[in-house]
Amino acid sequence: MAIGLIPLNRQQLHSNFVVDYMMMYLVPCLYLAAYFGINLLQRFGLPFLDACNSVCRLSNNLFMHLGAFLYVTIFILSLYRRKQFFVDFETHIAEIDVVIQKCRRIAEMDKNRVKAVKHSVAYHFTWLFVFSVFIFALYYDASELYGTFAEYAIIPFMVSSFPYLAGSIIQGEFIYHVSVISNRFEQINTLFEKINQEARRRHAPLTVFDIESEGKKQERKTAATVAMATATKSTFGTEHKLANEMKREKPQQSEHEDEDEMNTSDEENDDIFDYNDGNTNENTESTSEANLPDLFKLHDKILALSVLTNGEFGPQCVPYMAACFVVSIFGIFLETKVNFIVSGKSAVLDYMTYLYVIWSFTTMVVAYIVLRLCCNANNHSKQSAMIVHEIMQKKPAFMLSNDLFYNKMKSFTLQFLHWEGYFQFNGIGLFALDYTFIFSTVSAATSYLIVLLQFDMTSILRNEGLMT
């Protein structure tokens with residue numbers, strides 16, 4: 001499977017060992033036979049053609065030996081990985097998916113029909129472009145070699161384009177696993193965002209007081225007081241009417257004052273509520289904060305899976321990035337210092353120049369996709385911590401009523417702060433697999449090109465009969 005770089009039944013740990021690893025031993029044997037056959041027997045190779053000059057031989061030897069270094073290194077690391085990684089990866093992903101589905105049910109997100117992932121036009125264009133570049137590179141190399149060596153073209157093809165194709169396939173495996181990890185980060189970020197949206201809508205419990213009933217109570221008190229005053233007045237005898245005629249004005253004034261004071265006190269009592277008589281109305285809207293402990297564990301598991309994946313594929317990124325760097329620099333050198341001057345004078349030299357340019361561009365495209373997906377995975381993992389911190393800033397009711405949620409969210413953000421400085425996708429610690437790698441590579445390539453472009457190739461080309 002995958003031209004002898006991956007076991008056949010990679011997800012079955014106890015399958016037939018001979019059948020699974022037969023291609024992984026057969027293809028490298030064919031490659032080594034072609035490599036040593038060209039170098040020891042000195043046949044079926046471009047350097048042994050009469051039309052191949054010294055520049056062509058140097059270019060071909062560098063391309064062939066660099067490819068041998070790339071393929072042998074990748075093959076040894078592929079044997080070291082074996083099938084245990086693929087089994088463990090799929091097992092962990094299955095466990096993570098089970099917990100994610102459980103959290104979706106709690107968050108009532110499973111009611112929405114799961115729609116097929118609709119990739120953007122840029123996604124389809126990118127993969128179509130990558131496949132087109134690989135097909136063109138392989139077709140160009142095979143057609144040129146077949147025109148020179150006829151039926152024996154497979155021998156020089158094994159030592160020219162095959163190692164770079166094998167290295168790109170391994171990087172494609174790395175891209176697949178990183179994309180799976182990034183997708184799981186996106187799913188738990190969706191669940192975190194669901195809790196964040198609920199925190200915006202959900203407030204603390206509201207206490208409702210029966211203000212209207214309190215006013216009715218005060219009205220009943222006032223009516224009872226007036227009735228008592230009326231009964232008291234009726235007890236006076238008629239014989240005292242004339243004697244007390246002048247004295248009634250003063251009690252009436254005092255009664256009016258008492259009523260005013262009573263009304264004032266009633267208005268004050270209307271503003272004084274008995275908080276013990278309040279009814280607390282809880283917000284019974286369905287919420288998904290119960291998923292927080294599981295989401296924190298999921299995030300830790302996915303980060304652990306990232307470390308496992310980087311440990312398996314990170315070492316193979318080093319020879320691939322090194323080969324991409326060397327081929328790109330020498331391709332630019334040949335194109336600017338040789339092809340611009342003597343283009344069309346030697347078909348074999350033109351073939352080697354174009355082969356450098358094609359594979360430098362192809363490997364750079366693959367390297368860029370690797371860096372892009374690694375950056376996306378890192379950004380999605382950081383986004384989880386940012387969403388949790390945003391939830392903490394809003395101080396939702398479930399966090400204020402239960403210290404457990406607050407402590408877990410605080411521990412999660414602090415743990416991720418330490419984890420961010422501990423891990424990111426890298427090439428065995430030599431360089432980080434992010435966009436900063438592009439800047440450092442371009443800086444180093446510029447320094448080497450400044451030195452290489454100062455060489456005067458005119459005398460060499462004149463001695464080879466390519467210039468007059």
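Does Phe-313 count as buried or exposed? Phe-313 counts as buried, at 1% relative accessibility. The model is a predicted one. Its secondary structure comes to 14 helices and 2 strands, and of the 468 residues 41% count as buried. Among contacts between residues at least 6 apart in sequence, 85% join residues at least 24 apart.

**Aromatic pairs**

- The count of aromatic pairs in the protein comes to 29.
- One of these pairs joins Phe-85 and Phe-313; their ring centres are 5.6 Å apart and their planes stand at 75°, so the pair is edge-to-face. The cut-off behind this reasoning is that planes over 60 degrees apart count as edge-to-face.
- Phe-85 belongs to helix α3 (residues 84-106) and Phe-313 to helix α9 (residues 292-342), so this pair ties together parts that are 228 residues apart in sequence.
- Phe-85 is buried, its relative accessible area being 3%.
- Another aromatic pair, also edge-to-face, is formed by Phe-134 and Trp-359, with 6.1 Å from centre to centre and 75° between the planes.
- Because Phe-134 lies in helix α4 (residues 121-149) and Trp-359 in helix α10 (residues 347-394), the pair ties together parts that are 225 residues apart in sequence.
- Phe-134 counts as buried at 13% relative accessibility, and Trp-359 is buried with a relative accessible area of 0%.
- Phe-134 and Trp-359 also belong to a cluster linked by ring pairs, together with Phe-63, Tyr-164, Phe-330, Phe-333 and Tyr-356.

**The crossing of α9 and α13**

- The axes of α9 and helix α13 (residues 435-452) come within 10 Å and cross at roughly 40°. The two helices are therefore oblique to each other.
- Their crossing is right-handed.
- On the α9 side, the contact is made by Met-321, Phe-325, Ile-329, Ile-332 and Phe-333. On the α13 side, the residues are Phe-437, Thr-441, Ala-444, Ala-445, Tyr-448, Leu-449 and Leu-452.
- By class, this contact of α9 with α13 has 11 nonpolar residues, 1 polar residue and no charged residues.

**Surroundings of Val-342**

- Val-342 is found in helix α9 and is buried, with a relative accessible area of 2%.
- Which residues does Val-342 contact, leaving aside its neighbours within four places in sequence? They are Leu-349, Asp-350, Leu-461, Leu-466 and Met-467.
- Val-342 and Met-467 are 125 residues apart in sequence, and their C-alpha atoms are 7.2 Å apart in space.

**Positive phi values in loops**

- Most residues other than glycine have a negative phi.
- Ala-150 has a positive phi, near 55°. This residue is found in the loop between α4 and α5 (154-160), and it counts as partly exposed at 31% relative accessibility.
- Ile-428 likewise has a positive phi, near 45°. Its place is in the loop between α12 (403-422) and α13, and Ile-428 counts as exposed at 52% relative accessibility.

Technical notes. Residues are numbered from 1 along each chain as its sequence is written. This is a predicted model: local features need pLDDT of at least 70, side-chain atom pairs count only at pLDDT 80 or more; totals for chains, interfaces and linings use all residues. Side-chain values use heavy atoms; hydrogens and water are left out. Rings of Phe, Tyr and Trp (its six-membered ring) pair if their centres lie within 6.5 Å; planes under 30 degrees apart count as stacked, over 60 as edge-to-face and the rest as tilted. Helices (H or I, at least four residues) and strands (E, at least two) are DSSP runs, numbered from the N terminus. Buried means under 20% relative accessible area, exposed over 50%, partly exposed in between (1.4 Å probe, protein chains only). Axes are lines fitted to C-alpha atoms, for helices over the stretch in contact, and angles run from 0 to 180 degrees between N-to-C directions. Angles under 35 degrees count as roughly parallel, over 145 as roughly antiparallel, 65 to 115 as roughly perpendicular and the rest as oblique. A crossing is left-handed if the near helix is turned anticlockwise from the far one by less than a right angle, and right-handed if clockwise. Contact means heavy atoms within 4.5 Å. Ala, Val, Leu, Ile, Met, Phe, Trp, Tyr, Cys and Pro count as nonpolar, Asp, Glu, Lys and Arg as charged, and the others, Gly among them, as polar.
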